Every structure is written in C-alpha cells, then in structure tokens.
Amino acid sequence: MSSIEGFMIPCLNKQLFGVDCLGCGFQRAFVFLLKGDFTAAFKMYPAIYTIILLGIFIIFNFYFKFKHDYKLKMGLVFLNVAIIIISYILKITH
C-alpha cells in the first residue's frame, strides 16, 4: 500500500450498510491517475476523466466567461451523472 492510500477517506455507506456508494472508487482511480495507470483508473471509476474535465472547465470558466458556458457546463454535469449511474448499475449487477 502506498503512502497516499493510507490517507484515503473510507466509504461510510460501505462501512455501515456493506454496499458501495456512487462515489466508491473515485479516490483509488485518482491515485491510479497520479501513478500514470490510466487504464486501471478508468476501470476503477469510469467517470474519472469526465469529472476532471468538468473541474478544469469550471475553473477555466471562473476566470473566462463565454457564450453558452452554462449549457456546456450542464451538459458535462449530466454526462457525469449518466456515466456514474450506469457504471454503478453495472458494478452492482456483475
């Protein structure tokens, strides 16, 4: 176990109910990204890349406003929600 993994926040939902939550796997996927293991990051949490894209867009949009930024932001949010829900359903059914 790497030193970063020792600082991960445990999933309260998994500890209390024994069931993964919609966010389970994000921290480990981020650690895989930091280590350069992009495939493992995607397999661990498929929405990792779109969440990072959304975060970069929000930070960029905080400083630079442009036309249709709200629509693009909402599109990325809905895309993330869809990926998270679909991957969660696939995870619990397989």
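**Nonpolar surface and aromatic pairs**

Modeller: In this predicted model, a nonpolar patch on the surface is formed by Ile59, Phe60, Phe62, Tyr63, Phe64, Phe66 and Leu72, which together have about 810 Å² of accessible area. Helix α4 (residues 48-63) supplies the largest share of the patch, 4 residues. Phe60 lies in helix α4 and is partly exposed, with a relative accessible area of 43%; Phe62 and Tyr63 are both exposed.

As a general point, nonpolar side chains in soluble globular proteins tend to be buried together. Here the largest nonpolar core has 7 residues: Ala29, Leu33, Ala41, Tyr45, Ala47, Ile48 and Ile84. Apart from neighbours within four places in sequence, Ile84 contacts Leu22, Tyr45, Ala47 and Ile51.

Next, the rings. The whole structure contains 5 aromatic pairs. In one of them, Phe26 and Tyr45 have ring centres 5.7 Å apart and planes at 80°; because an angle over 60 degrees counts as edge-to-face, that is how this pair is classed. The pair links distant parts of the chain, with Phe26 in helix α2 (residues 26-35) and Tyr45 in the loop between α3 (38-44) and α4, 19 residues apart. Phe26 is partly exposed at 29% relative accessible area, whereas Tyr45 is buried at 7%. The rings of Phe62 and Tyr63, two members of the surface patch, also form an edge-to-face pair, with centres 5.6 Å apart and planes at 90°. Finally, ring pairs join Phe26, Phe30 and Tyr45 into a cluster.

Definitions and conventions:
Residues are numbered from 1 along each chain as its sequence is written. This is a predicted model: local features need pLDDT of at least 70, side-chain atom pairs count only at pLDDT 80 or more; totals for chains, interfaces and linings use all residues. Side-chain values use heavy atoms; hydrogens and water are left out. Patches are made of residues with over 30% relative accessible area and no salt bridge: like charges are joined within 9 Å, nonpolar side chains (Val, Leu, Ile, Met, Phe, Trp, Tyr) within 5 Å. Accessible areas come from the Shrake-Rupley method with a 1.4 Å probe; for residues, only the protein chains shown count as cover. A salt bridge is a side-chain nitrogen of Lys or Arg within 4 Å of a carboxyl oxygen of Asp or Glu. Helices (H or I, at least four residues) and strands (E, at least two) are DSSP runs, numbered from the N terminus. Buried means under 20% relative accessible area, exposed over 50%, partly exposed in between (1.4 Å probe, protein chains only). A nonpolar core is a set of buried Ala, Val, Leu, Ile, Met, Phe, Trp, Tyr and Cys residues joined through side-chain atoms within 4.5 Å. Contact means heavy atoms within 4.5 Å. Rings of Phe, Tyr and Trp (its six-membered ring) pair if their centres lie within 6.5 Å; planes under 30 degrees apart count as stacked, over 60 as edge-to-face and the rest as tilted.
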